[in-house]
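This briefing goes through one protein chain, topic by topic, for a reader who has the coordinates open. Please keep the sequence and the structure in view while reading.

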Amino acid sequence: MERPAELIEQLRLERGLTQAQACTRGELPPATWSMVESGFTANPHPTTKLRIARALGVAPSSIWRARPRPLHLEDVEDPRWMGAVQRMAGRLEREGSPQERRRFGDRLIAVLDHADAGCGDDGDVRWDELWERARSLVLDPERAPIEIVGGRLVERGSGEITPASRRKGIAARRSRGIS
């Protein structure tokens, strides 16, 4: 996609206009036209946009494309939301710091608390995927010495049930933040 400055110059040249002629048609000072066409002023005043477009005989939207409004984590009804959250979570899982992952996961969980009305009989898979993604960002599996497998407490990676004598030690280490 061409930048507005390049498009303005191209349209002006296609119409056989010099900058001075275009300025006269658009009732703009030459310095203003020059700054916009050179790209020095990337987002001119709306009135300037309108005058440039009129001078070139086009609609302002054909030069300055309307950008979609910014997407926020709370915008769950926006059709772009699911993909954006999945992409961000994936990027953070690959290359984000533990603090960035935890912060995004915590915020996503807070949003899901309000957005996910609970699982009905149909079981909305998209919410389940997002809950799982948020949990994976918040919990650091390398620091958690235990996990629950089949409803039983086991040491991470062993796949075996942790003996009752060791459970107390593991629980004590976890409560003190020792791994």
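This is a predicted model: local features need pLDDT of at least 70, side-chain atom pairs count only at pLDDT 80 or more; totals for chains, interfaces and linings use all residues.

**Helix α4**

- The buried residues of α4 are Thr48, Lys49, Ile52, Ala53, Ala55 and Leu56, and because their directions, seen down the helix axis, fall within an arc of 160 degrees, they line one face of the helix.
- An α-helix has 3.6 residues a turn, so residues three or four places apart point the same way.
- The packing partners of the buried residues of α4 are the helices α1, α2, α3 and α5.
- After α4 comes Gly57, which has a positive phi, near 75 degrees.

**Helix α1**

- In α1, which covers residues 4–14, the buried residues are Ala5, Leu7, Ile8, Leu11 and Arg12; viewed down the axis of α1 they fall within an arc of 165 degrees, so these residues line one face of the helix.
- Leu13 and Glu14 are exposed, and they sit on the other side of α1.
- The buried residues of α1 pack against α2 (19–26), α3 (30–38), α4 (46–56) and α5 (60–63).
- Gly16 follows α1, and its phi is positive, near 70 degrees.

**The chain as a whole**

- The protein chain contains nine helices and two strands, and their order along the sequence is α-α-α-α-α-α-α-α-β-β-α.
- Among contacts in the protein chain with a separation of 6 or more, 48% are between residues 24 or more positions apart.

**The second largest pocket**

- The second largest pocket holds about 360 Å³ of space, and its lining is made up of 17 residues.
- Which residues of this lining lie nearest the centre of the pocket? They are Pro4, Ala42, Asn43, Trp64 and Arg67.
- Sorted by class, the lining of the second largest pocket comprises nine nonpolar, three polar and five charged residues.

Notes:
Residues are numbered from 1 along each chain as its sequence is written. Side-chain values use heavy atoms; hydrogens and water are left out. On a 1 Å grid over the protein atoms alone, a cavity is a set of points where a 1.4 Å probe fits but cannot get out, and a pocket is an open set with protein on both sides within 12 Å along at least five of seven lines; lining residues have an atom within 4 Å of a point. Grid points are joined across faces, edges and corners, and a volume is the space filled by probe spheres set on the points. Ala, Val, Leu, Ile, Met, Phe, Trp, Tyr, Cys and Pro count as nonpolar, Asp, Glu, Lys and Arg as charged, and the others, Gly among them, as polar. Helices (H or I, at least four residues) and strands (E, at least two) are DSSP runs, numbered from the N terminus. Contact means heavy atoms within 4.5 Å. Buried means under 20% relative accessible area, exposed over 50%, partly exposed in between (1.4 Å probe, protein chains only). The arc is that of the directions from the helix axis to the C-beta atoms.
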